[in-house]
Amino acid sequence: MKTARTHPEHSIINVRVLILIYVLLCVLTVLFSRNFFNDTLRDGQVPDKLTLIVFFTIPAVLFIFLGISVYTLFSDIIARRPGSKFKARLFAYFIVIVFFSAAPVTLMTTAAVNEVVRFWQNIDAASASVAANSFVMDNYSLHIERFQNIINQTNFSRLPPGTLPPDIVAIQLFETDSPQAGGNGWRDISFTGEERFRLLQPPAAERGHAPREMPRDMGTLRYVQFAAGNTLRLISYNLGDDFDWGKDAIENLTAHFETIDTLRDNLKPLIIFYYGVFFFPSLLMTVIIAISFTRRVTHPIVELTEATRRVAEGDFSIQILARRSDELGLLIRSFNAMVRDLEKSRIALIKAEKISIWQNMAQQLAHEIKNPLTPIRLSAERVLRRWQKNRESVDEILESSMLAIIQETEGLSTLLTEFRSLSKPIEPTQSWTNMKETVDEIISPLKNSYPKVKFDAEHTDTGIAVKIDKNRLSQILTNLIINAIDAVDGRGLIEIRADIVKKRDSSYCRLSIRDSGKGISKQEEPLIFTPYFTTKESGTGLGLPIVERIVNDHGGAIWLNSAEGAGTTFFVDLPAENKQEG
């Protein structure tokens, strides 16, 4: 029992593995794209060459797999392998679906990016940053000037205890024992204002505006005064709680605007990079999965088609291995069951046909043997009666009676010989026989015996050899040519041709023998290869059945075309080789 597989023979990667890779690719796309955008918007630069090589490795590998898959698919189409057209059509459907799915996303993304770029190009971020920074500096200068005016116009030594001038949030006094030592060892001796502005040490030991230190001086300006030789006064001015926060926000926005300006020039390379690394691999993977699904779906159908063809040719041993539990698997199991039932029915039918054929042949043989026995018996009885009545006159009928007995006996011998040839198993030979030489040997003596018959064998190629024993080939040619001579009644045209034909990647010699006789009627044509059927008075009806048996047993085929009044052509196909081409 022959078993056929149902999984694709050229599958590069299993479909489940492809789907797993696709899911992993989507996860990596989400994770890496987030980091990609964060790094890009922070730095405003395209990735370096090493990063590009690493990122484009996956698309390159997928593109190689896609190229192999497409090459295999188109090779099947060019070679016209079974199911290739259906694969191509199904693959085209998948590609159309992928295109219509990806096209809207691509178009919308492109349009959105173009609008963002156009919006960015209309924003004068640099001017806005310069104006904002100028405003901050002007505001800061005004606060410094106001603070200085307050200091210049206020005598802080005569202020009532616990009172503060406008915009002054704290006044703190420090004292040291040794001012000559650089002011080390300052002590807090007095504080007026909010507690959050108190310092443990003076921010500076020199008169004037103290340097700002963050976050200590958030929203505050400091000024140092010397009240006496060893006393220091620290005055704190309120800039406002939002001043430093706004200043930092403007600086951050300025940095972002600079990044955006850098992105303007690198935007297209970044988009190409993004599509090449994150979108294109998903598209490639989708196409590869489509090809794999195409093979997976079409392969069982192709196997069913091939198995059906082989069953139609008579091979009932084929069985398809069903590995699916869906409707297609049920169809395959039903097909296998049908083939098994057909095999059983075929065996029973062949057995019944053999019995019927042998019964018919036995009846025909008995009939054919009985016909010559009657003249033999009559001839013998005639001689016996003459001998009993008048022995002297036996000589008058002896010769004619004996000749009749001998003639009928030879007919019986010929009949039994042909019957033995028909029933005897024929072992196909592996030898090669030249067709042209054998044809010439057969028709050479016939040309002398039938001078009014024109034999045309000019279209028989000298380089054609057939795989059959020479005696068997002579037997085929002799039967067919003698039948053609009888069809033209000893005068007419008999044309013999031999050509090379291709059948399922194998070479065959197509022998044709055409006569210009009266042809065969439509009623007689189906019976031509039936044993004991003959249209000749002296024929046994076994010649053509024996020829058919020899041709079939050597892997060939025989058939005929005939039209009443136009002649008959017998065709014979035999396994062959063309030595001129080889």
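**Group meeting: a walk through a predicted model**

Met402 is found in helix 8, residues 395-423; helices (H or I, at least four residues) and strands (E, at least two) are DSSP runs, numbered from the N terminus. The structure is a predicted model, in which local features need pLDDT of at least 70, side-chain atom pairs count only at pLDDT 80 or more, and totals for chains, interfaces and linings use all residues. Residues are numbered from 1 along each chain as its sequence is written, and side-chain values use heavy atoms, with hydrogens and water left out.

Met402 counts as partly exposed because its relative accessibility is 34%; buried means under 20% relative accessible area, exposed over 50%, and partly exposed in between, with a 1.4 Å probe and protein chains only.

Five strands form an open sheet in the order 3-2-6-5-4, with antiparallel pairing; two strands pair if DSSP finds at least two bridges between them. Its edge strands, each pairing on one side only, are strand 3 (187-193) and strand 4 (208-209). Strand 2, residues 168-175, pairs with strand 3 in the antiparallel sense over six bridges. Within that pairing, Leu173 stands opposite Ser190 of strand 3.

Which residues touch the most other members of the largest nonpolar core? They are Ile481, Ile496 and Ile513, in a core of 39 residues. Such a core is a set of buried Ala, Val, Leu, Ile, Met, Phe, Trp, Tyr and Cys residues joined through side-chain atoms within 4.5 Å. Helix 10 (residues 470-487) supplies the largest share of this core, seven residues. A second, separate core has 13 residues, including Val136, Ile168, Tyr223 and Phe243.

Let us now consider charged pairs. A search of the whole structure finds 15 salt bridges, where a salt bridge is a side-chain nitrogen of Lys or Arg within 4 Å of a carboxyl oxygen of Asp or Glu. One of them joins the side chains of Asp188 and Arg198, at 2.3 Å from N to O. Asp188 lies in strand 3 and Arg198 in the loop between strand 3 and strand 4, ten residues apart. Arg198 also forms a salt bridge with Glu195, the closest N and O atoms being 2.6 Å apart. Glu195 is exposed, at 52% relative accessible area, whereas Arg198 is partly exposed, at 32%.

Finally, Arg549 and Asp553 form a salt bridge with closest N and O atoms 2.9 Å apart. Both residues lie in helix 11 (residues 543-553), four residues apart, about one turn of the helix.
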